[in-house]
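Thanks for coming. I will walk through one model today, starting with its strands and ending at its metal site.

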Amino acid sequence: MTERTTWTFVGLAAILVVASAAIPALVDARPAREVPAPTVEGNLSGANADGWAEAPAAEVPLAAAPSGLPNAESVNTRSVEVQAARADGDVFVRLQWQDTEASRNASNPNAFLDGAAVQIPVDTSEQPAIAMGSQSNLVNVWYWTADGDTEELLAGGQGSTTAFENETVRTWASYDDGEDTWSVVFNREAEPDGDNRTAITGEDDLDVAFAVWDGANDERSGQKAVSEWYYLPVGPDDGGTPFASILWALAGIAIVAVVVLTAQGIRRARSEGDGRL
Ligand code: HEM
């Protein structure tokens with residue numbers, strides 16, 4: 001093997017090192033079901049507030065909740081765009097979804113309101129049942145309806161929802177007629193007072209699920225579009241991607257070393273062979 005061939009091998013191996021370090025970082029940029037929750041400097045207190053430009057969005061698919069209620073499978077909303085952010089000890093979540101008609105008024109008994117909700121576990125170390133938790137694993141539900149009402153609920157399974165006294169959840173909502181899109185922001189202190197209120201302490205990532213009701217399609221209570229469990233990465237940093245990159249880079253360096261040593265070995269063996277001739 002000539003010196004040139006050796007260097008070509010070394011060059012290729014070096015490219016491999018860089019690629020093996022960079023590609024996993026790019027491909028694994030966001031684990032499945034993660035909704036990024038960066039700390040944001042800008043204002044988040046508004047459906048279209050400036051700070052939302054700083055928070056990446058996750059597209060979350062929705063499907064009919066299997067509640068067994070009549071028409072439960074008839075839901076219109078197929079996905080919701082979710083952003084989350086932290087600022088000054090508060091947590092914010094913005095949901096945006098398509099709806100061709102804003103249903104804000106339910107004064108007629110046959111009319112139902114558009115609505116949206118965010119569900120989080122009371123005990124952040126354990127993921128509850130998606131269908132609004134269970135008696136042994138309760139959930140908090142932040143519930144907005146298009147008449148401007150916001151409720152903070154506690155649930156331990158279907159049919160068990162009760163409202164907290166002294167609500168700590170705030171919302172801002174706006175409907176864009178041109179884009180046929182609702183934008184709703186939910187906001188709460190990360191660690192509010194009160195029994196059974198989820199404390200977002202930073203000890204765990206936060207499981208979170210979403211629901212949307214289309215009032216024009218008579219959706220209400222158990223007839224709604226819901227997500228699977230997602231999570232906000234607010235727990236201790238497990239060093240995920242950078243750590244993986246270091247391992248990949250070390251693997252690449254090992255490959256370079258093997259290539260160089262093998263090439264040198266072959267050269268030496270050849271020159272010794274030549275010497276014997
Ligand atoms: C995926 C499985 C789910 C099933 C089968 C289900 C079923 C039901 C049922 C039967 C009700 C009516 C009885 C009650 O008020 O408890 C209900 C109400 C409710 N659910 Fe769920 N649910 C599911 C998931 C969710 C999720 C993920 C959320 C929030 C993100 C949520 C939020 C609510 C709210 C706010 C109400 C009260 C609505 C109202 O007052 O009209 N549910 N659900």
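## The open sheet

Let me begin with five strands that form an open sheet, ordered E1-E3-E4-E10-E9, with antiparallel pairing. The edges are taken by strand E1 (58-61) and strand E9 (170-176); each has a single partner strand, so one side of each is left without a neighbour in the sheet. From one strand to the next, the twist averages 20°. For that value, axes are lines fitted to C-alpha atoms, for helices over the stretch in contact, and angles run from 0 to 180 degrees between N-to-C directions.

Some ground rules before I go on. This is a predicted model, in which local features need pLDDT of at least 70 and side-chain atom pairs count only at pLDDT 80 or more, while totals for chains, interfaces and linings use all residues. Residues are numbered from 1 along each chain as its sequence is written, and side-chain values use heavy atoms, with hydrogens and water left out.

Strands (E, at least two residues) and helices (H or I, at least four) are DSSP runs, numbered from the N terminus. Two strands count as paired if DSSP finds at least two bridges between them. In general, strands of a sheet pair through backbone hydrogen bonds, either parallel or antiparallel.

Now across the sheet. E1 is joined by four bridges to strand E3 (residues 79-87), and the two run antiparallel. Valine 60 has valine 80 in E3 as its bridge partner. E3 then pairs with E4 over seven bridges, in the antiparallel sense. One of the partners there is aspartate 90 in E4, which faces alanine 87. These two strands form a hairpin with two residues between them, and aspartate 88 in the turn has a positive phi of about 50°.

How many of the nine residues of strand E4 (residues 90-98) are buried? Eight are, so E4 is largely enclosed by the rest of the structure. Buried here means under 20% relative accessible area, exposed means over 50%, and partly exposed is in between (1.4 Å probe, protein chains only). On to E10, which nine bridges join to E4, again antiparallel. Tryptophan 97 has tryptophan 182 in E10 as its bridge partner.

Next, another run of hairpins. E6 and E7 are antiparallel and joined by six bridges, with valine 141 opposite leucine 153 in E7. Four residues lie between E6 and E7 in their hairpin, and glycine 148 in the turn has a positive phi of about 100°. E7 also has two bridges to strand E8 (residues 162-163), running antiparallel. In E8, alanine 163 is the bridge partner of leucine 153. The hairpin of E7 and E8 has six residues between the strands, with glycine 157 in the turn at a positive phi of about 110°. E7 is mostly covered, as five of its six residues are buried.

A search of the whole structure finds one salt bridge, meaning a side-chain nitrogen of Lys or Arg within 4 Å of a carboxyl oxygen of Asp or Glu. Which residues form the salt bridge? They are arginine 197 and glutamate 152, whose closest N and O atoms are 2.9 Å apart. Arginine 197 is in the loop between strand E10 (181-189) and E11, and glutamate 152 is in strand E7 (residues 150-155), so to speak distant parts of the chain, 45 residues apart. Both arginine 197 and glutamate 152 are buried.Asparagine 196 lies in the loop between E10 and E11. Asparagine 196 is partly exposed, at 33% relative accessible area.

## The iron site

Last, the metal. Which protein atoms are donors to the iron atom of the ligand? They are Met132 (SD) and Lys224 (NZ), lying 1.5 to 2.2 Å from the iron. Methionine 132 is in the loop between strand E5 (115-121) and strand E6 (139-145), and lysine 224 is in the loop between strand E11 (206-213) and strand E12 (225-226), 92 residues apart. Donors are N, O and S atoms within 2.8 Å of the metal (3.2 Å for Na, K and Ca); water is not among the atoms, so sites may look incomplete.

The site is octahedral, with angles of 84 to 177° among its six donor atoms. Six donors count as octahedral if opposite donors are over 155 degrees apart and all others between 65 and 115. Both methionine 132 and lysine 224 are buried.

Conventions:
Tetrahedral: all angles 85-135°; square planar, octahedral: opposite > 155°, others 65-115°.
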